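Trainee: Please pick one part of this structure and go through it closely. I would like to see what packs against what, and then how that part sits in the rest.

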Amino acid sequence: RTLFTPSSSILLEKAFGAREITLLNPVWIHSKNSGRPFYAILHRIDVGIVIDLEPARTEDPALSIAGAVQSQKLAVRAISQLQSLPGGDIKLLCDTVVESVRELTGYDRVMVYKFHEDEHGEVVAESKRPDLEPYIGLHYPATDIPQASRFLFKQNRVRMIVDCNAMPVRVIQDDRLMQPSCLVGSTLHAPHGCHAQYMANMGSIASLAMVDIINGNDEEGVGGRSAMRLWGLVVFHHTSARCIPFPLRHACEFLMQAFGLQLN
């Protein structure tokens, strides 16, 4: 209550009572002291609710309802384009999705990684700034990618790194909490040092990664349902710090779901 405006506190309290709290994301709130707007992104953990406060730029068109709707419209147009493609041509599908999401998000480079049976990754599609070195066709050892991909798969979410060179901020935890707070599902948690080095090796400062999930083997399923399998990743790189707002990331998630369906 001391951090936010009264109306913002009421919105958060209502959200806390929701059964599926993530469906309400983002909650648009304001700081009590500065009046600055934030996206409050909520998820539950064992000891309570984690609130990521993502600064919202006042010039950001996605702050308005019209801006959020426009993001959804662009995603729907891209989904329609994917659905209109002829069946059976995965290369064309991947080429189309990287062009669509790069146009949607403005990153310098967008790639589709496909995982092979031994878990090594291959760049099978790419859309990039003309002056950048191409990565299409490159193969990456299984040790370079799977840890991040498995994390994304378990969370079933988007992973954004705004600036891999940003200094991590220490988390201060209340002594009354009996166990460490889990931030694995937090939008704003810092990248591991080895991942920051991996990005630096690729000349990338900012990144975004989204999973491509398809139906797996029927024998691996539970209760008569097919198991879900990680097919690959769509990875975005940028040569400077870059942050895209939650409504646009959410629109990209819908696009990734459509991509997975078309892969099936």
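Mentor: A residue is buried under 20% relative accessible area, exposed over 50% and partly exposed in between (1.4 Å probe, protein chains only). The model is predicted, so local features need pLDDT of at least 70 and side-chain atom pairs 80 or more, while totals for chains, interfaces and linings use all residues. Numbering starts from 1 along each chain, and side-chain values use heavy atoms, without hydrogens or water.

The part is the pairing of helix H3 (residues 90–105) with helix H6 (residues 246–263), whose axes come within 11 Å and cross at roughly 175°. Helices (H or I, at least four residues) and strands (E, at least two) are DSSP runs numbered from the N terminus; axes are lines fitted to C-alpha atoms, for helices over the stretch in contact, with angles from 0 to 180 degrees between N-to-C directions. H3 is therefore roughly antiparallel to H6, a label for angles over 145 degrees.

On the H3 side, the contact (heavy atoms within 4.5 Å) is made by Ile-90, Leu-93, Cys-94, Val-97, Val-101, Leu-104 and Thr-105. H6 contributes Leu-248, Cys-252, Leu-255, Met-256, Phe-259, Gln-262 and Leu-263. By class, the contact of H3 with H6 holds 12 nonpolar, 2 polar and no charged residues. Nonpolar here covers Ala, Val, Leu, Ile, Met, Phe, Trp, Tyr, Cys and Pro; charged covers Asp, Glu, Lys and Arg; the others, Gly among them, are polar.

Each helix brings a cysteine to this contact. Cys-94 is buried, at 1% relative accessible area, and Cys-252 is buried at 0%. The disulfide count is 0, taking a disulfide as a pair of cysteine sulfur atoms within 2.5 Å.

Now the surroundings. The chain has 6 helices and 9 strands, and 43% of its 264 residues are buried. Helix H1 (residues 6–16) has Ser-8, Ser-9, Leu-12 and Ala-15 buried. These fall within an arc of 125° seen down the axis, so they line one face of H1; the arc is taken from the directions from the helix axis to the C-beta atoms. They pack against strands S1 (27–30) and S2 (37–45), while the face turned away carries the exposed Pro-6 and Lys-14.

In helix H5 (residues 193–201), Ala-196, Tyr-198 and Met-199 are buried. Their arc is 155°, so they too line one face of the helix. Their cover includes strands S4 (109–115), S7 (159–161) and S8 (206–215). Exposed Gly-193 and Asn-201 sit on the face of H5 turned away from its buried side.

How values were computed: Angles under 35 degrees count as roughly parallel, over 145 as roughly antiparallel, 65 to 115 as roughly perpendicular and the rest as oblique.
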